[in-house]
Amino acid sequence: MHMCPHVVHAFVSCFLPVLYKGSVHLRGDYLKTMFVAVAKDGNNLTIPIAFGMAVENNVVSSMWFLMRLKECLREGKEVAFISNMYDVIVSCVDNVFTDFYNGYTCTSVHKYLRTRVGSERSTETLFWITLKSNTMSTFEQKFSRLRIDAREVLTNIGHPKWARAYFPNICSLTGVLTPYAQMVVFRRMQKSVRWQATQIPQQISSPVSAYVYEVFDFKTTCVVDLNDRTCSCGKWSSLGIACGHAIAAARDSNMHEIVNLVQVYYSADVFQLVYQT
C-alpha cells in the first residue's frame, strides 16, 4: 500500500473529510485489484490519498487495505466514506470504521435501480430530484411520488446510504475562497439579489438568536440563522457553502464578509496550505 505522508496530513488537516474508495480490476496473468481512496480539495479537484495492490474480490485483502488506511488517519478523525455499492470493499468498511458514515455513489444506486425496475424516464428523473433533496421533509415529499416498486428498492438499500438529506453535516467556517467556491457564491448572490429577507424579532425570554431571518425566494419562505449557520432549505449545512437564503439574510444584516459563511475547506489559505509541499 502506498500513501504519501504529506498528502495524508493535507487531507486530515485541510480537506473536507469525505473519502471515495473503491477497486479497479487489472488485466494480466495475475488477477489483481488496485484499491484506491481519493478525496476532493477545496477547489473541487480529485486528489489520490492512497492506493494498494491485492488479490481480486478478496475480503481479506479489502480488510488489509482499510486497516492500513485507518492507521494512517489521525486518531479521532471522523471521515465519511463513499463507494460503489457493487464493490467488495463496501462490506468491509463497517467492520473497520465502525462508527463512520458509509454511503454509496449515486450512479451505482441509479444503476441498481434500473436493473430492478427498468429505465422509465419519469422514474429516473424523479430519482435524481429526490436524491438531491437537502432536507428530510423535502426528501419525503419527493420520495412519495416515486413508483411503489422503486420506493421499495430504495428503501431496502437504506435512505442514509444514498440520499443527500441524510448525509452527515460537517461544519467549520472562515476564509477567502477558492475559485470553485467563489463561482458558487457568485451565482447564488446573483440568484438571490431580489429575494426578500425579514429579520425575526427576538423575544426577551427566547433563546432564539438575534440574527434569525425569514427569506422569501418567490416560491417558498425559509428560516436562516446566521449565528448557527443554518437554513431550513438544508443546502447550507449539506454543501458547506452559504445558500441564496443565507446570502440574502446576510445582505439585509449588512454582513459584507460572505466568505465567513463558507466552510474552511473552501478557503484559499487552506487550499494553498494543501499544496505548499
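Contact is taken here to mean heavy atoms within 4.5 Å, and axes are lines fitted to C-alpha atoms, for helices over the stretch in contact, with angles running from 0 to 180 degrees between N-to-C directions. Helices (H or I, at least four residues) and strands (E, at least two) are DSSP runs numbered from the N terminus. The model is a predicted one, in which local features need pLDDT of at least 70 and side-chain atom pairs count only at pLDDT 80 or more, whereas totals for chains, interfaces and linings use all residues. Residues are numbered from 1 along each chain as its sequence is written, and side-chain values use heavy atoms, with hydrogens and water left out.

Five strands form an open sheet of mixed pairing in the order E3-E2-E1-E4-E5, two strands being paired if DSSP finds at least two bridges between them. Strand E2 (residues 32-40) pairs with E3 in the antiparallel sense over nine bridges, and Met34 stands opposite Met53 in E3. Helix H2 (residues 59-72) lies across strand E1 (18-26), E2, E3 and strand E4 (80-83), and runs at about 140° to E3.

In helix H10 (residues 244-252), His245 is buried (under 20% relative accessible area, against over 50% for exposed and in between for partly exposed; 1.4 Å probe, protein chains only), its own value being 7%. Residues up to four places away in sequence not counted, His245 touches Trp195, Val215, Asp217, Cys222, Val224, Cys231 and Cys233.
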